[in-house]
Amino acid sequence: MEKKELAEFLRRRREALRPHDVGLVEGPRRRTRGLRREEVAQLAGMSTDYYARLEQQRAPQPSVQITTALARALRLTPDERDHLFTLIGHNAPVRFQRSEHVSPTLLRVLERLNDDTPAIVLTDMADTLAMNPIATALLGDQTRHTGLARSAYYRWFTDPADRLVYPEEDHPRHSRTQAARLRAALTSAAGSAPRAARIVAELRERSPEFVRLWELQEVAQRYGESKTILHPSLGRIDVDAQVLFTENRAQTLVVMTARPGTESQGKLELLSVIGHQQLTPRTHSAARRVRPSSPN
């Protein structure tokens, strides 16, 4: 049971909720940031004293039933719930198993996408397993990395070149997302936790920005979102990212599209032509190839 981490996580999640989020009335003289301890205890069906001792690092290990009640009271996402179970010392519900081999289902979808539709296959550690040719032309070959740098979480905080793909004003949002997704990987039941822990330890040493964001205790797996990508030749390209998970959620296919009739759509269409002209048959094949797994 990680008492210090648990206490901080509970406090952060409690402060992030407002009374109306859980069906309570917010009075006019309320000074508490977020929910009060007694309100969380009431929602979880436990004593206020016991909940207070959890936040004060003085309580014994909660049971699975109490852990489940806490997750429900704090309105935790599945990723946050799994993290809570792990901090308390219980096994999180098994949701997927990790594999370095691209799911045949996702690969079939990847191969059937239009030439102007960038798509990549990612693991829960943000390792890029496969890309179609236009994704490579848009983002560069992300399958070429080795070691800890295979993970986009690690590269984002250690390699300035990795940030050149996005406008500078978007960097804070991307940084927060990367830290939250890495925390989710820490409590993954897919065998990623040891590697995720190595990355966290390394980033704590190398990135003050990461340390600050890590202390927020945010947990999430955010894939589907709108984003702006900076291409070295074509400039800004606005895309909407949609996702498709394998049934066991071990891998994710991220598909990027531009809104019809926009300048960004025209740029993707142009990029598909440029990409095919620049890619030789050998590199075109490599764009779909899955990198062998690395011991790191």
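These are my notebook entries on a predicted model of one protein.

**Ground rules.** I number residues from 1 along each chain as its sequence is written, and side-chain values use heavy atoms, with hydrogens and water left out. Since this is a predicted model, local features need pLDDT of at least 70 and side-chain atom pairs count only at pLDDT 80 or more, while totals for chains, interfaces and linings use all residues.

**Overall look.** I found 13 helices and five strands in the protein. Helices (H or I, at least four residues) and strands (E, at least two) are DSSP runs, numbered from the N terminus. I then looked up burial: buried residues make up 50% of the 296 residues. Here buried means under 20% relative accessible area, exposed over 50%, and partly exposed in between, with a 1.4 Å probe and protein chains only. I also checked contacts, meaning heavy atoms within 4.5 Å. Among those between residues at least 6 apart in sequence, 61% join residues at least 24 apart.

**Helix H9.** The 16 residues of H9 should span 22 Å, and the end C-alpha atoms are 23 Å apart, which agrees. Among the buried ones I noted His-171, His-174, Arg-181 and Arg-183.

**Two positive phi values.** Ala-126 counts as buried at 2% relative accessibility. Gln-217 is not a glycine either, and its phi is positive at about 60°. I located Gln-217 in the loop between helix H11 (208-214) and strand S3 (225-231), and it is buried, with a relative accessible area of 3%.

**Gln-142.** This residue sits in the loop between helix H7 (133-139) and helix H8 (152-158). At 17% relative accessibility, I count Gln-142 as buried. Leaving aside residues up to four places away in sequence, Gln-142 touches Ile-120, Thr-128, Met-131 and Arg-155. With Thr-128, I found a side chain to side chain polar contact of 3.1 Å. A polar contact is a pair of N or O atoms within 3.5 Å; within protein, one must be able to donate a hydrogen and the other to accept it, and residues adjacent in sequence count only if both atoms are side-chain atoms.

Notes: The expected span of a helix is 1.5 Å times one less than its number of residues.
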